[in-house]
Amino acid sequence: MSSLVRRLAAMSDARVFAIAGGGGRWGVQDLRLADGIELVASPRAASVLLVAGAIGSRQHEAVRRVHDALPHPRATIRWGEANGGQPVPDAELVPAGSDPVPAIRAAHRALMLGARTSEAALLPDEEPAAWRGVGPYGQGGSGMTGGTPYGRPMAELGPDRDGLRLDVLPTRLGPFFAAMVHGLELDLRVAGDVVVGAEVAAAAVAPTAGGAASPFVRALIEPMPIADLEVARARDHLRWTAEALRLHGLEALSRRALLLARTAAPGQGPAVRALGAAVARAGVFRWAVPPADERRRDLLAHASLGPSTRACGFPVDERLADPAYQGLGFSPILGVDGGVAAVWRARLDEAAMSLDLAARAGGATTAVTGSVEGPRGRLSTGDAPAGRALGLVPALIEGLEWGDALSTLASLDIDLDEMASVQLAFA
Amino acid sequence: MTDLGPLAIASAVMVAALLAVLGSWLSSARRPASRTAPERVPFTGGRPPSVHAWSRYHARYYPMALLFLAFDMEMVFMYPWAVVFVSEGIVAMVEMGMFIAILLLGVLYAWRERAFTWT
């Protein structure tokens, strides 16, 4: 009986929680198309932990905490760079260029059949504070309303709409929260499901050692073929679309966007427009994203955040200053209200336009260096759009309901890899 | 067979309950060693929570009672209505339409009172 259950479990898809370190983001995203594994949103639902890309020593503890959150039996696969020390000492190594899926499948199978022992906890078994036996009922503190029961203080109090004072929960999200880019740490204060306070605690991924910089970062230093840049831009927009669609629960469309992102080539504008029409038909813009408002528009207007700013109707685009693009008849696509739906539309429309431009560009190269329009906004020496977007995060998400806050955060497309490579290239 | 029907259902329920009890006993008997402190903490992305998980919130009984009444009344009247619907025909249909329209006002009121939002 027991062995039958084990064999059945071994036949199932391996459930994987993936941590995307520096340079690991798109590799992890590609695993969503792989057969035999399933990426899950919480380590509690996983049997295998995949640690991809570069992990700095600052994040070792967080990785270990995620590792300990996996239920037994569990195994860890380390995919990619091993410099900077290993957060999980027993992890099985898979080199950066190779496919981690066979190793993940094998680890899952061995765990389920009992051929591989579960990894022990990495963090010490210590409560955050001594509590057993402390307090009149042994609950660890001075009481249930304001004390520190079980070693942790109670939530803060804040006013609610009925004039009562109810709990405002300080919530620490990240660095490996599935609905946000990995590396981003947010400290939120949540009343019910409304975000009443937000602060960016940290936002960084470890830079990859010797990894190829993105074509946009290279375009800061040397002229680059416009066709290459525009295809890369379309692919980034489509990858973002795939991620955002998954976040909004549209898995099948997300797979379609991801397949298109991997194969996008000059002249495939119509395929991207068909995807855009499918996304609009799915109703995302009507029910899944927060409505546009003036405050958001004012915040994004001067941040030079590419599609987010252009969706507000402002023609802010570094390509307008480049004679090579002028020669191709480039003019930016502008939105009106700057809402999250407008940002989605802007990204999809720009992806299609980029593939059209790439088809027209021939061998033309960029004429301006030092300041380039990246997929997420203006890139210049030492200044990445992610840095400017991070400054806006608190003002943009405060007052929104939880789902709207995550949707807004996703619409900014904070790319910490790009930020790291811009800083590294000009350090 | 029809006489034994209720008995068969009752025994099926009892067997299911027994299996459930047996299953929960087996799973607790085979549970792995107790988890460590970091393993017990709720997962929010890799940092430990700063506050305890006990959270006080307002259940808002009044709007909830209002909503319950609206939907409960609907059900209470729809069962007898369903019995006579075929014989009464279109008249019953129109009357139920009117009744539901009136009840809907209550739901709309609850909506305006933000009974459907958490905070």
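Start by selecting residues 165-173 and 184-191 of chain A: these are strands β7 and β8, which run antiparallel and are joined by 5 bridges. This is a predicted model, so keep that in mind as you look around. For one of those bridges, click Pro170(A); the partner in β8(A) is Arg189(A).

Now widen the selection to β6, β7, β8 and β9 of chain A, which form an open sheet in that order with antiparallel pairing. The edges are β6 (156-159) and β9 (194-203), each pairing on one side only. From one strand to the next, the twist averages 30°.

Time to bring in chain B. Which residues of chain A lose the most area to chain B? Select Arg152(A), Arg161(A) and Arg172(A): together they account for 22% of what the chain A side buries. Between the two chains, about 3600 Å² is buried, with carbon and sulfur atoms giving 54% of that. The contact takes in 50 residues from chain A and 30 from chain B.

Zoom in on Arg47(B) and Glu185(A) for a salt bridge, where the closest N and O atoms are 3.6 Å apart.

Finally, color chain A by element: α3 (60-69), β7, β8 and β9 each supply at least two residues of the side touching chain B. Of these, β7(A) gives the most, with 6 residues.

Notes:
Residues numbered from 1 in each chain as written. Chains lettered and ligands numbered in written order. Predicted model: local features only at pLDDT ≥ 70, side-chain atom pairs only at ≥ 80, totals over all residues. Heavy atoms only, no water. Pairing = 2+ DSSP bridges. Helix = DSSP H or I, 4+ residues; strand = E, 2+ residues; numbered from the N terminus. Axes fitted to C-alpha atoms, helices over the stretch in contact; angles between N-to-C directions. Contact = heavy atoms within 4.5 Å. Buried area = accessible area lost by both parts, 1.4 Å probe. Salt bridge = Lys/Arg side-chain N within 4 Å of Asp/Glu carboxyl O.
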